[in-house]
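Dear colleague,

I am passing on the model that we spoke about, together with some notes on what came out of it. Please look through the structure first and then read on.

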Amino acid sequence: MRTPHVVVVMGVAGTGKTTIGPLLAARLGVPYAEGDDFHPEANIAKMSAGTPLDDTDRWPWLDAIGAWTHGRAGLGGVVSCSALKRAYRDRLRAAAPGVVFVHLAGDRALIEDRMSHRQGHFMPTALLDSQFATLQPLQADEAGVSVDVSGAPEEIAERAVTALREFDPATS
């Protein structure tokens, strides 16, 4: 399956964006970009200290991801980005109007368990509540699909490919 879409793999911390994103990109035959790499050092320091980011912190990060998505328009790509609020997704869409979202969604207990087993990541489990409080799921008028995060990464990536294919059969 090839796609001209730029796909943003979104969801709260611990849903597997960094794991599923590259798997999805490989299946789609497009490049992958890790959204965390677009964060300024100040954001990483703030999150590492257990302090949630505010919108002022997020705008430059979202603009950097938006620039990447804009540059991939018509070529395709996959980037991970929490994109928890509608306003954040609107900002990404303003940069790249054709962007499609894959919302990795799952049970809080499962996500917390996965986060507690991660090593070397700056996002502490303590911030999970703030992530869920901030999350505004995709609305019917937003281009995207929701994918359950239960199961193995390969299963989740395949579910995402199937959902994208059903969302836009022209990308098959």
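The notes below go from the overall fold to the sheet, then to one helix and a few single residues.

This is a predicted model, in which local features need pLDDT of at least 70 and side-chain atom pairs count only at pLDDT 80 or more, while totals for chains, interfaces and linings use all residues. Residues are numbered from 1 along each chain as its sequence is written, and side-chain values use heavy atoms, with hydrogens and water left out.

**Overall fold**

The secondary structure of the protein comes to 7 helices and 5 strands, where helices (H or I, at least four residues) and strands (E, at least two) are DSSP runs numbered from the N terminus. Along the sequence, these elements follow the pattern β-α-β-α-α-β-α-β-α-α-β-α. Of the 172 residues in the protein, 44% are buried; buried means under 20% relative accessible area, exposed means over 50%, and partly exposed is in between, with a 1.4 Å probe and protein chains only. Among the contacts with a separation of 6 or more, 74% come from residues 24 or more positions apart, a contact being heavy atoms within 4.5 Å.

**The sheet**

The 5 strands form an open sheet in the order E2-E3-E1-E4-E5, with parallel pairing; two strands pair if DSSP finds at least two bridges between them. The edge strands, each pairing on one side only, are E2 (32–33) and E5 (144–148). Strands of a sheet pair through backbone hydrogen bonds, either parallel or antiparallel.

Strand E3 is joined to E1 by 4 bridges, with valine 6 standing opposite glycine 77 in E3, and E3 pairs with E2 over 2 bridges, where tyrosine 32 stands opposite valine 78. The side chains of E3 are worth a look on screen: Gly77 and Val79 point one way from the strand and Val78 and Ser80 the other way, and all are buried. Elsewhere in the sheet, 5 bridges join E4 (residues 100–105) to E5, and histidine 103 stands opposite serine 146 in E5.

**Helix H3**

Helix H3 (residues 55–72) packs on the sheet, touching E1 (6–10), E2 and E3 (77–80), and its direction makes about 170 degrees with that of E3; the axes are lines fitted to C-alpha atoms, for helices over the stretch in contact, and angles run from 0 to 180 degrees between N-to-C directions. With 18 residues, H3 reaches 25 Å from its first C-alpha to its last, close to the 26 Å expected at 1.5 Å a residue, the expected span being 1.5 Å times one less than the number of residues.

Which residues of H3 are buried? They are Asp57, Arg58, Trp61, Leu62, Ile65, Gly66 and Thr69, and they lie on the same side of H3 because they cover an arc of only 150 degrees around the axis, the arc being that of the directions from the helix axis to the C-beta atoms. These buried residues pack against E1, helix H2 (41–48), E3 and helix H4 (86–95), whereas the face turned away from the buried side carries the exposed residues Thr56, Ala67 and His70.

At the start of H3, a side-chain oxygen of aspartate 54 reaches to within 3.1 Å of the backbone nitrogen of threonine 56. After H3 comes glycine 74, whose phi is positive, near 85 degrees.

Tryptophan 68 is also placed in H3. Not counting residues up to four places away in sequence, tryptophan 68 touches Val6, Pro31, Ala33, Phe38, Gly77, Val78 and Val79.

**Two further residues**

Alanine 83 lies in the loop between E3 and H4 and is buried, with a relative accessible area of 0%. Phi of alanine 83 is near 45 degrees, a positive value in a residue other than glycine. Most residues other than glycine have a negative phi.

Aspartate 148, in strand E5, is partly exposed, with a relative accessible area of 39%. Leaving aside neighbours within four places in sequence, aspartate 148 is in contact with Ala105, Gly106, Ile156 and Arg159. The C-alpha atoms of aspartate 148 and threonine 15 are separated by 9.2 Å, although these residues are 133 residues apart along the chain.

Technical notes:
Polar contact = N/O pair within 3.5 Å; in protein donor to acceptor, adjacent residues only side chain to side chain.
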